[in-house]
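Colleague: I have a new model open and want to read it feature by feature. Where do we start?

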Amino acid sequence: MALAVEEINNRKDLLPEHALAYRIFDSCATPVMAQKAVLAALNGQDVVQSFICSGASPLLGIIGESGSSQSIVVSRTLEAFRIPMISYFSTCSCLSDRKQFPTFFRVVPSDDYQVKAIAKLLKRFDWTWIGVVTEDHDYGRFALQGLKREIENTNICLAYHEMIPKDYTQERVLKILKVMKESTAKVVVVFSGEGEFYPFLAEFVSQNMTGIQWIASEAWVTASMLAETYSFLDGTIGFAVRQGHIPGLQDYIRTVTPERYPSIPQVQELWEALYGCSPSTSTFSSNLPSCTGKETLRKEHSAYMNTSSPRVSYNVYKAVYAFAYSLHNLVQCRNGLGPFENFSCANINNVFPWQLQHYLQEISFSVSGEEVNFDIKGDAIPSYDLINWQRSTSGDMQFVKVGLYDGAQHSGKELLIEEQAITWFNQQTKARLCSNSCTPGYRKAVRHGQSLCCFDCVPCDIGKISNQTDSVDCLSCPEDYWSNVNGTECIQKVIEFLSHDAMGMTLTVVAVAGAFLTITVLVIFLYNKGTPIVRVNNSELSFFILLSLTLCFLCALIFIGEPTFWSCMLRHTAFSITFSLCISCILGKTLVVLAAFTATRPGNNIMKWLGPTQQRIIIFCCTLVQVLICTVWLVASPPFPYRNTKYQQSKIILDCSVGSDLAFWCVLGYIGLLACVCFFLAFLARKLPGNFNEAKYITFSMIIFCTVWLAFVPAYVSSPGKFTTAVEIFAILASSFGLLLCLFAPKCYIILVKPEKNTKQHLMGKVTK
């Protein structure tokens with residue numbers, strides 16, 4: 001600061017015929033002392049003097065503070081007087097609020113940009129599980145808020161946040177270190193000033209903790225004292241205030257002696273710290289021995305003399321020039337020609353701070369080749385150097401620039417990193433995670449009460465998939481698709497219906513064999529239609545029964561194959577009508593047998609009412625009722641193809657929906673009714689005389705028929721998929737074979753094997769032995 005003031009006062013092109021003057025007040029890095037210092041500056045007094053106002057000082061502006069908490073106190077105090085202040089190191093984003101801090105300016109970027117830069121750094125190196133340590137001041141609190149905001153919608157998670165207490169206590173620090181030691185997060189971001197962080201690291205060393213990758217904020221990333229004291233900080237990386245160039249600083253520092261600045265106690269304090277002695281010409285008391293002129297610079301403080309890469313010092317340099325250029329523009333102003341409309345230029349003998357504030361807002365100048373100006377919030381251009389702590393071959397710590405962040409660039413191009421130039425702690429660049437990534441086929445399930453980065457990997461439910469790493473949720477497959485075994489992709493569901501597979505072919509062969517056997521019996525009966533056994537059993541009705549049984553066997557074939565609209569309608573109607581025809585014929589035969597038995601009684605002429613014509617009418621009427629039921633069914637709610645995706649989720653079952661359950665059960669009920677009537681009538685005629693009692697065979701056939709269809713109902717309801725259709729086919733074939741064998745097997749046996757019994761006398765039971 002002193003160098004910049006002397007340079008400006010010696011220049012002829014900047015504030016000619018005018019000189020800058022300054023006073024230095026020490027805030028001791030605390031808000032309370034900062035408050036005392038600013039009041040002393042306003043009153044024109046020393047800090048130790050009374051604060052009773054004795055008159056206004058010629059104060060036009062303040063350069064400071066370094067800490068954000070101190071700057072907040074100072075700025076709020078100056079606001080009432082509209083005195084501008086320029087901070088060289090206060091980065092809290094809260095200070096960008098123009099309503100609260102209208103007179104605050106700074107030549108250092110706001111933490112809003114620093115947390116953006118740190119968030120991009122974390123993403124760049126895939127550090128998703130981090131810890132954060134902050135100081136207990138506004139700087140740390142607002143920096144933490146900003147970082148949380150930046151990582152909110154990313155995969156970066158906060159393992160813990162600990163705050164270094166204002167009132168330093170070992171017990172509290174040990175608790176913080178315990179959290180750090182037990183955590184799996186090995187990347188730690190620290191927002192703290194050098195002074196607060198130094199004693200914390202001293203306790204850190206005593207805990208023998210290793211493996212931490214430190215990410216430093218700009219407040220300590222170039223702290224030489226930390227770098228020289230703690231070797232475990234090797235590999236630290238962080239964003240620093242941009243490096244500048246201050247010409248002549250090295251030579252000037254060597255001339256800063258207490259003799260040259262006898263009224264500034266801070267110069268003596270610095271001298272004593274650097275050389276360990278008290279200047280002989282000092283007017284301030286000291287316990288140190290007097291300097292002899294032969295003292296050398298203390299090694300532990302050699303960093304203070306390093307002017308090769310000034311950063312914070314360069315900001316102070318820029319702040320002084322910002323005030324100088326603003327004052328220059330103000331005193332050079334001519335009424336009506338200034339930058340503000342209706343603005344009266346200053347009288348050099350009566351310059352007000354608020355006038356200087358207006359010019360600061362519009363200032364733009366160049367220092368050491370860098371363009372300096374302030375935005376509408378009073379902030380500087382956001383730019384940082386990315387610094388990596390590297391140990392040289394000689395053992396000295398070096399702050400190596402390995403990249404930069406320029407907030408003025410387009411989105412995605414702000415951060416540039418030379419990764420090959422970075423040296424990591426123990427050559428490790430990867431951080432451990434709270435949980436391992438979830439592979440495809442799994443989803444993340446957050447652990448209750450823990451960070452979002454702590455989760456368990458849960459397999460996707462059946463029918464859902466995840467095809468990427470760390471899926472938050474599993475996606476449901478479309479209705480016609482299903483998840484594979486690994487749960488990583490949707491595959492076409494297996495379409496199931498009773499096709500020509502092993503089961504289908506077996507049922508087809510059985511149905512064809514049944515039809516062929518029935519036709520064979522029909523041929524046998526036709527060939528022997530003149531024999532007594534065919535004639536006595538009413539050959540016409542027998543032919544009708546055999547034809548209908550053939551159709552019953554063949555209708556089972558309609559149930560095999562992929563269901564279509566026409567096949568679904570034909571299935572149940574063909575089955576119901578053919579069976580109704582068959583049972584109607586059997587019913588007609590039963591009536592004839594029963595009538596023949598009762599006709600043997602004297603005076604009974606019932607047979608004249610059951611002639612061939614009447615038999616045909618009975619068969620037609622009974623079948624017609626079923627035809628009418630089927631017609632109403634097809635018109636009102638016909639069967640249709642149905643894709644069942646609910647019964648078995650991994651398959652699509654193609655089947656025929658009956659359309660109307662009432663119509664379906666009416667059809668089956670009517671067939672059952674005909675069968676029950678047949679059974680009842682045949683049972684009444686079971687004791688007819690003769691060797692060939694037809695009523696007995698009808699009774700047995702109806703018992704088999706009814707048993708099959710009674711067993712069909714629960715089997716049909718409980719069978720899954722294609723087995724539902726198979727059960728219905730089995731019932732059709734089983735009942736058809738039952739009727740065929742019971743009614744016609746005994747007759748074929750006599751015709752083919754025992755032709756000698758094929759006589760009227762034998763059939764009537766009149767054969768004598």
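Modeller: We go through the sheets first, then the helical core. Keep in mind that this is a predicted model.

Colleague: What is the strand order of the eight-strand open sheet?

Modeller: The order is β5-β4-β6-β7-β8-β11-β12-β13, and the pairing is mixed. The edge strands are β5 (157–164) and β13 (415–417), which each pair on one side only. Direction ignored, neighbouring strands of this sheet are turned by 30° against each other on average.

Colleague: Which helix packs on that sheet, and which strands does it touch?

Modeller: Helix α5, residues 138–151, packs there. Helix α5 touches β4 (129–135), β5 and β6 (187–191). The direction of α5 makes about 155° with that of β4.

Colleague: Now the strands themselves. In which sense do β11 and β12 pair, and over how many bridges?

Modeller: β11 (residues 383–391) and β12 (residues 397–406) are antiparallel, with nine bridges. The two form a hairpin, with five residues between them. Look at Gly395 in the turn: its phi is positive, about 95°.

Colleague: Which strand pairs with β11 over five bridges?

Modeller: That is β8, residues 237–241, again in the antiparallel sense.

Colleague: Why is β11 described as largely enclosed?

Modeller: Count its buried residues. Eight of the nine residues of β11 are buried, so the rest of the structure largely encloses the strand.

Colleague: There is also a three-strand open sheet. What is its order?

Modeller: β20-β22-β21, with mixed pairing. β20 (494–496) and β21 (640–644) are at the edges with a single partner strand each, so one side of each has no neighbour in the sheet. From one strand to the next, the twist averages 25°.

Colleague: How many bridges join β21 to β22?

Modeller: Five; β21 and β22 (residues 651–657) run antiparallel. Here Tyr642 stands opposite Asp655 in β22.

Colleague: On to the cores. How many residues does the largest nonpolar core have?

Modeller: It has 68 residues. Those with the most contacts inside it are Phe525, Phe575, Ile583, Ile586, Trp709 and Phe744. Elements giving two or more residues to this core include α13 (502–527), α16 (565–599), α17 (612–636), α19 (694–718) and α20 (722–752).

Colleague: Which element gives the most to this core?

Modeller: α20, with 13 residues.

Colleague: What does Ile586 touch, leaving out residues up to four places away in sequence?

Modeller: Ile545, Cys678, Ile698, Met702, Leu739 and Leu743. Apart from this core lies another, of 44 residues, among them Ala4, Phe105, Ala319 and Tyr321.

Terms used: Residues numbered from 1 in each chain as written. Predicted model: local features only at pLDDT ≥ 70, side-chain atom pairs only at ≥ 80, totals over all residues. Heavy atoms only, no water. Core = buried A, V, L, I, M, F, W, Y, C linked by side-chain atoms within 4.5 Å. Buried < 20%, exposed > 50% of the residue type's maximum accessible area, 1.4 Å probe, protein only. Helix = DSSP H or I, 4+ residues; strand = E, 2+ residues; numbered from the N terminus. Contact = heavy atoms within 4.5 Å. Pairing = 2+ DSSP bridges. Axes fitted to C-alpha atoms, helices over the stretch in contact; angles between N-to-C directions.
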